[in-house]
Amino acid sequence: MNNISTDVDNAVTVRNVCKNYDNVEALRDLSLEFPRGQLTSILGPSGCGKTTLLKIIAGLLKPTSGEILVNNKPVTGPGPDRAFVFQDFALLPWATVLRNVAFGLELRGVAKSEREAIAEKYIKDVGLTDFEHSYPHELSGGMRQRVGLARALSVDAQVLLMDEPFSAVDEQTRRKFQEDLLDLVKNENKTFLFVTHSIEEAVYVSDQIAILLPRPSRVSEIIRPSGFREKEALNIRRDPEYLDIVDRIWASLRTYVE
Amino acid sequence: MKVFGYRLPGMSSLLLWALLWEIVGQMELTFFLPPLSAIFVTLMEIGTTKVFIKALQETGHAFFVGTFFAIVIGVPVGIMMGKNRLIDEILLPWVNMFLSAPLTALVPVLMVLFGFGLKSIIITTTLFAIWIIVLNSRAGVLQINRSLVEMALSFGASPKDAFFKIYFWAALPEILGGVRIGFIRAVKGVIIGQLLISVVGFGALFELYSSNFLMKHFWAVLIVLFTISFIIAECLAWLERRVSYYAAQR
Ligand SMILES: Nc1ncnc2c1ncn2[C@@H]1O[C@H](COP(=O)(O)OP(=O)(O)OP(=O)(O)O)[C@@H](O)[C@H]1O
Ligand SMILES: [Mg+2]
């Protein structure tokens with residue numbers, strides 16, 4: 001059905017999407033495909049419409065024209081096949097870690113004992129055991145984003161939408177998160193859409209990097225690192241291909257940064 | 001407050017004022033201000049009489065029914081205004097107008113519309129309390145972090161879920177602040193209602209005592225009223241502090 005790539009199985013397809021806010025043209029005729037089971041980064045200058053694109057895919061915003069397909073079905077609103085991880089965590093400050101992680105399931109009507117059992121498993125997975133009954137204001141930024149991640153994982157959506165999830169945590173935690181993310185992509189059979197400002201981060205974690213141009217945005221380039229994906233996490237940053245790609249992306253983006 | 005290095009419990013300054021009152025009262029400067037001790041003696045005397053208990057019941061009844069409606073109507077209306085631009089633009093001018101309007105002037109109209117009974121008094125009470133509750137609930141919703149709402153929607157929240165699980169809780173600190181001020185205004189409303197509409201409850205006692213120059217009785221009832229509204233306000237302030245841990249970061 002899709003004449004561009006019949007051989008690749010795409011979890012998400014963005015077709016000719018335009019988005020105008022009142023008189024700001026954020027996205028113009030943007031098309032992009034997200035292969036299943038892979039992590040695709042969306043990289044671009046500030047204000048180019050990365051968040052807008054992600055929210056359209058999430059079904060939180062309507063495109064002015066064009067369509068989004070998730071598992072070959074058009075998106076009309078939010079759905080259980082997608083889960084969002086927010087840049088500012090978006091945790092309920094009046095609820096404990098346990099309730100926050102289980103909140104996605106709570107909204108989907110899963111019974112309390114069942115959803116708490118699921119939540120506890122993911123709280124353990126992200127390393128927050130013993131903090132189940134803490135409140136968000138008692139946690140560090142890194143721990144809060146772990147809660148946000150556990151919440152998104154516990155609804156078991158096939159597609160994870162992450163909007164600069166690591167930008168509000170410190171550098172060391174961020175590196176740990178990036179390594180954890182690589183494991184996650186390898187072990188969970190999920191599709192990751194990952195918005196970031198950091199070129200190094202994008203190259204480090206991605207199977208595919210989509211570079212957007214400034215408003216009105218289209219995809220200017222798609223880069224698929226191939227050589228170092230299979231390497232040990234610790235060696236990636238020394239790989240010549242890694243360094244090459246980082247340089248190449250910076251070369252094409254630097255003209256847009258004032 | 002600290003005196004000679006000792007930490008005095010809150011409200012200690014009240015004792016000082018009470019002492020001053022007692023002294024001025026004992027000096028018999030004016031009939032208007034009897035000694036505080038005499039007022040308390042009077043309070044003990046009338047506190048157990050049928051007339052007083054009946055007045056307390058009538059006032060309490062009108063007060064609680066009035067504030068109940070103010071909260072049950074005011075909170076959802078305020079939340080709706082915060083959520084919806086159109087509703088906000090239609091209602092906001094009216095809410096602002098009523099908040100600062102001299103509501104006492106409206107009481108005669110209420111009497112014409114709703115008669116000379118309890119109903120009018122309750123409506124007066126509600127009218128005094130509701131506007132600040134609406135405005136505060138609205139303000140509470142307006143400061144909600146957008147991404148909390150988007151989070152709920154992205155996980156498939158129905159409008160009802162969003163209302164009860166996000167908007168209400170996120171606005172709760174402001175809502176409680178509004179309810180606290182609303183209660184204080186309702187005390188004013190219920191007494192004005194009882195004075196102007198039908199002379200019942202504490203309003204009737206005030207009328208009776210002041211027109212007969214029974215100042216001790218007059219002050220005794222006033223002190224009871226002050227104490228009750230003070231306790232209610234403090235309870236609500238306590239509730240407010242319970243949610244303040246998240247008020248700073250929503
Ligand atoms: N609700 C809105 N109303 C009007 N304009 C908006 C709105 N949201 C975003 N925009 C505009 O659309 C453009 C794209 O915004 P968006 O937030 O998607 O960019 P972004 O790539 O995520 O930026 P950043 O990297 O800074 O997060 C910006 O120029 C912004 O000013
Ligand atoms: Mg953004």
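Mentor: One term is needed before we start: two residues are in contact when they have heavy atoms within 4.5 Å of each other. Keep in mind also that this is a predicted model.

Begin with the sheet in chain A. It is open and has six strands, in the order S6-S7-S8-S3-S9-S10, and the pairing is mixed. Strand S6 (82–85) and strand S10 (219–223) of chain A are the edge strands, each pairing on one side only. On average, neighbouring strands of this sheet are turned by 15 degrees against each other, direction ignored.

Now look at one pair inside the sheet. Strand S3 (residues 39–43) and strand S8 (residues 191–196) of chain A run parallel and are joined by five bridges. A:Ser41 has A:Phe194 in S8(A) as its bridge partner.

Next come two helices that lie across the strands. Helix H4 (residues 141–154) of chain A lies across S6 and strand S7 (159–163) of chain A, and it runs at about 175 degrees to S6(A). Helix H7 (residues 240–253) of chain A lies across S3, strand S9 (208–212) and S10 of chain A, running at about 15 degrees to S9(A).

Leaving aside its neighbours within four places in sequence, A:Ile209 is in contact with A:Ser41, A:Leu43, A:Ala202, A:Val203, A:Glu221, A:Ile222, A:Ile223, A:Pro225, A:Ile245 and A:Ile249.

In soluble globular proteins, nonpolar side chains tend to be buried together.

Chain A has a mean pLDDT of 88, with 97% of its residues at 70 or more. Within chain A, confidence is lowest in H7(A), at a mean of 84, and highest in helix H2 (residues 97–107), at 95. Over residues 1–5 of chain A, pLDDT stays under 50, and the model has seven contacts beyond four places in sequence for them.

Technical notes. Residues are numbered from 1 along each chain as its sequence is written. Chains are lettered from A and ligands numbered from 1 in the order in which they are written. This is a predicted model: local features need pLDDT of at least 70, side-chain atom pairs count only at pLDDT 80 or more; totals for chains, interfaces and linings use all residues. Side-chain values use heavy atoms; hydrogens and water are left out. Two strands pair if DSSP finds at least two bridges between them. Helices (H or I, at least four residues) and strands (E, at least two) are DSSP runs, numbered from the N terminus. Axes are lines fitted to C-alpha atoms, for helices over the stretch in contact, and angles run from 0 to 180 degrees between N-to-C directions. pLDDT is the predictor's confidence in each residue, from 0 to 100.
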